[in-house]
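Hello,

Here is the structure I promised to pass on. Please open it and keep it beside you while you read my notes below.

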There are 2 protein chains.
Amino acid sequence: MDQALHLARKAYQRGEIPVGALVLSPENKIVAQAFNQVEAHQNPLAHAEMIVLKKACLKVKSKRLMGYSLVVTLEPCPMCAAAAMHARIARIVFGAYDSKGGGIEHGARIFSHQQTMYHPEIIGGVREHACQKLLRNFFMNLR
Amino acid sequence: MDQALHLARKAYQRGEIPVGALVLSPENKIVAQAFNQVEAHQNPLAHAEMIVLKKACLKVKSKRLMGYSLVVTLEPCPMCAAAAMHARIARIVFGAYDSKGGGIEHGARIFSHQQTMYHPEIIGGVREHACQKLLRNFFMNLR
């Protein structure tokens, strides 16, 4: 999560909502890294998780990341959570909870609604305070 | 929807799950077109809707597609439905319903769970039979 926070700070410096993400192999090696780039590309789909999942699939040369983990500083939104499902990510580790935009513990609850068949391991609140503080500072400076 | 079906047939010919999508401007002009390319790129995020939304944002040079419509042959999955939400798509028109993978009328119900604030116009079942038949033929031939 330290490295994901480092990536989130890079996003912050570029005026992007500070979210960083990485994908770990089953051996816990970093396979891909990314930060949010929505503003840079004017692409609302360019969340850190989407970029890092695509990068990891390219690197592994597979559309499945079985046994891999996604580590991200903020609770993934429903788009990113469902993307992790499509990639068959085994574990999602996230920092800050997101009561408005989150799609795992909030809102669409991608992995816990009645029809879901896919249940990755979810570990939320890892370095929660540091991840949250970075986001809060960003939005405070926007005002 | 005829043009979306035409795109879906292109996917079919390439061995991709046959889904086609396009984005229409507020004046109902086609802004971008795409078909599913998950296999070609071994990228589980390369659904027709994701590609077409990205293309449309690039074309319009904006991360918001206010007033635009997404037309797609199959009920969007939660990833694609949430992507349309991030892009502020005004209307989603789809063909076949998807009781297993759909994220609008099924499963995560991206636009109708308790916490959602975003309610695009949804028109499902347009040329349902033709869209469904194409998908059914594809999966029959896979067996």
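**A loop residue to start with**

Begin with N28(A), which sits in the loop between β1 and β2 of chain A. Keep in mind that this is a predicted model. What is the phi of N28(A)? The angle is positive, about 65°, although N28(A) is not a glycine. That deserves a look, because most residues other than glycine have a negative phi. Is N28(A) buried or exposed? N28(A) is exposed, since its relative accessible area is 53% and the cut-off for exposed is over 50%.

**A second case, in chain B**

Now go to R109(B). You will find R109(B) in the loop between β4 (91–96) and β5 (121–123) of chain B. R109(B) is another residue other than glycine with a positive phi, here near 45°. Its relative accessible area is 35%, so R109(B) counts as partly exposed. Partly exposed covers the range between the 20% limit for buried and the 50% limit for exposed.

**The sheet**

Back to chain A. Five strands form an open sheet there. In what order do the strands lie? The order is β2-β1-β3-β4-β5, and the pairing is mixed. Two strands sit at the edges: β2 (30–35) and β5 (121–123) of chain A. Each of these pairs on one side only. From one strand to the next, the twist averages 15°.

Look at the β5(A) end. Strand β4 (residues 91–96) of chain A runs parallel to β5(A), and three bridges join them. To see one of the partners, pick R91(A): its bridge partner in β5(A) is E121(A).

**A helix across the sheet**

Next, find helix α3 of chain A, residues 48–60. Which strands does helix α3 lie across? They are β1 (20–24), β2 and β3 (69–74) of chain A. Against β2(A), the helix runs at about 150°.

**The two chains together**

Finally, compare the two copies. Two copies of a chain are related by a rotation about an axis and a shift along it. The same surface serves both copies, as 100% of the contact residues of chain A recur in chain B.

Best wishes

Terms used. Residues are numbered from 1 along each chain as its sequence is written. Chains are lettered from A and ligands numbered from 1 in the order in which they are written. This is a predicted model: local features need pLDDT of at least 70, side-chain atom pairs count only at pLDDT 80 or more; totals for chains, interfaces and linings use all residues. Side-chain values use heavy atoms; hydrogens and water are left out. Two strands pair if DSSP finds at least two bridges between them. Helices (H or I, at least four residues) and strands (E, at least two) are DSSP runs, numbered from the N terminus. Axes are lines fitted to C-alpha atoms, for helices over the stretch in contact, and angles run from 0 to 180 degrees between N-to-C directions. Contact means heavy atoms within 4.5 Å. Buried means under 20% relative accessible area, exposed over 50%, partly exposed in between (1.4 Å probe, protein chains only).
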